[in-house]
Amino acid sequence: GGSENLIQGLISLVESLGLEAAVEQELISILDTASLKLDSVDELENDKDVDNAIRDAQNKLNDFINKVKDLQENKKITKKQGDLLISAAKSIIKQLS
């Protein structure tokens, strides 16, 4: 489906910011998990399983948002970088709803 491409776009955005390697890795690993959840949707027959997979992906994106907020507070990323990532993640969550 198109959903995992949304997350791929967010991963590319993270990579484009030139963050510290450890910070970038941490953020991308959360997004990879969300992406795998969405990839699984195509194989699922049962609506309930699909809903659960999408909810899991949304939860992971919320984890990502919280992590970005932590990084902003700890000055690991700038306010501007963080806000960019958060608004992108929120927009994906909305598209998955």
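A helix here is a DSSP run of H or I at least four residues long, and helices are numbered from the N terminus. With that in hand, let's walk through this predicted model.

**Stop 1: I93**

Select I93, which you will find in helix 4. Is I93 buried or exposed? Buried means under 20% relative accessible area. I93 has a relative accessibility of 15%, so this residue counts as buried.

Now show what surrounds I93. Leaving aside neighbours within four places in sequence, I93 is in contact with Q58, L61, N62 and I65.

**Stop 2: Q58**

Next, click on Q58, one of the residues in contact with I93. Q58 sits in helix 3. Its relative accessibility is 15%, so Q58 counts as buried. Not counting residues up to four places away in sequence, Q58 touches I93, L96 and S97.

**Stop 3: helix 3 against helix 4**

Colour helix 3 (47-73) and helix 4 (79-96) in two colours. How do their axes cross? The axes come within 9 Å and cross at roughly 170°. That angle makes helix 3 roughly antiparallel to helix 4. The crossing of helix 3 and helix 4 is left-handed.

To see the contact, show side chains on both helices. On helix 3, select I54, A57, Q58, L61, N62, F64, I65, V68, K69 and Q72. On helix 4, select K79, G82, D83, L85, I86, A89, K90, I92, I93 and L96.

**Stop 4: the largest nonpolar core**

In soluble globular proteins, nonpolar side chains tend to be buried together. Here, the largest nonpolar core has 26 residues. Select L10, V14, L27, L31, L61, F64 and L85, the residues with the most contacts inside this core.

Which elements give two or more residues to the core? They are helix 1 (3-16), helix 2 (21-41), helix 3 (47-73) and helix 4 (79-96). Helix 2 gives the largest share, seven residues.

**Last stop: V14**

Finish by zooming in on V14, one of the core residues with the most contacts. Not counting residues up to four places away in sequence, V14 touches L19, E24, L27, I28, L31, F64 and L85.

Key
Residues numbered from 1 in each chain as written. Predicted model: local features only at pLDDT ≥ 70, side-chain atom pairs only at ≥ 80, totals over all residues. Heavy atoms only, no water. Core = buried A, V, L, I, M, F, W, Y, C linked by side-chain atoms within 4.5 Å. Buried < 20%, exposed > 50% of the residue type's maximum accessible area, 1.4 Å probe, protein only. Contact = heavy atoms within 4.5 Å. Axes fitted to C-alpha atoms, helices over the stretch in contact; angles between N-to-C directions. Parallel < 35°, antiparallel > 145°, perpendicular 65-115°, else oblique. Left-handed = near helix turned anticlockwise from the far one by under 90°.
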